[in-house]
Amino acid sequence: MNKVVKNFLFVSVLLFGLLAPTVLAQGDADPEELSKKFMGILESQAYEYTWHYEPGVEPGFYEGQAPHGAILRTFVNDIAYDAIQHGMTELPEGSILSKQNFTPEKVLAATTIMVKIDGYNPDGGDWFWAKVQPDGTIDAAGTPAGCIGCHGAKKANDWLF
């Protein structure tokens, strides 16, 4: 990766880490608008090409299950990756996980994201969840009951499967 791209990614991650908590702390942040902003951050960082596959998960496409999809790909940003690699049991603020949900024909059906934001959702591990269709339609955002209900089974593992 060339120096310009690395610098851009560093600045993007830094700005995300600084701005996201500020936006959310204002209390008037609309979950759908935040979902769009977070997806914009992922896309601006070309996350499919610059982020890591989730440690401990098969790189590339792997078999999925409901509610996500028949085939999945999971990416994590540097913050999450470094924490997982160092054995942290709770991911730090600014951690982002992005799961691409595909049909059996490998057609993208949705992207689901988890963003760790200190103080955002204490009853849900401070995770912000979103499910976004390929056309940008938001199916779920913020603290969806379905996400919290399912991931709650892994509360002791920072809500992560």
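Reader: Which residues do ring pairs link into a cluster?

Author: Ring pairs join Y47, W51, Y53 and F75 into a cluster. The model is predicted, so local features need pLDDT of at least 70 and side-chain atom pairs count only at pLDDT 80 or more, while totals for chains, interfaces and linings use all residues. Residues are numbered from 1 along each chain as its sequence is written, and side-chain values use heavy atoms, with hydrogens and water left out.

Reader: How is a pair of aromatic rings described?

Author: A pair of aromatic rings is described by the distance of the centres and the angle of the planes. Rings of Phe, Tyr and Trp (its six-membered ring) pair if their centres lie within 6.5 Å, and planes under 30 degrees apart count as stacked, over 60 as edge-to-face and the rest as tilted. A search of the whole structure gives 7 aromatic pairs. Y47 and F75 form an edge-to-face pair, because their ring centres are 5.5 Å apart and their planes stand at 90°.

Reader: Where in the chain do Y47 and F75 lie?

Author: Helices (H or I, at least four residues) and strands (E, at least two) are DSSP runs, numbered from the N terminus. Y47 is in helix α3 (residues 47-50) and F75 in strand β3 (residues 71-76), so that the pair links distant parts of the chain, 28 residues apart.

Reader: Are these two residues buried or exposed?

Author: Buried means under 20% relative accessible area, exposed over 50%, and partly exposed in between (1.4 Å probe, protein chains only). Y47 counts as buried at 5% relative accessibility, and F75 is buried with a relative accessible area of 1%.

Reader: Why do W129 and W159 count as edge-to-face?

Author: The ring centres of W129 and W159 are 6.2 Å apart and the planes are at 65°, so this pair is edge-to-face. W129 belongs to strand β6 (residues 127-132) and W159 to the segment after α5 (145-151), so the pair ties together parts that are 30 residues apart in sequence. W129 counts as buried at 3% relative accessibility, and W159 counts as buried at 6%.

Reader: What lies over the face of F61?

Author: A charge sits over a ring if NZ of Lys or CZ of Arg is within 6 Å of the ring centre and within 35 degrees of the ring normal. Here K106 lies over the face of F61, at 4.4 Å from the ring centre.

Reader: How many helices and strands does the protein chain have?

Author: The protein chain has 5 helices and 7 strands, and from the N terminus on its elements run α-α-α-β-β-β-α-β-β-β-β-α. Of its 161 residues, 39% count as buried.
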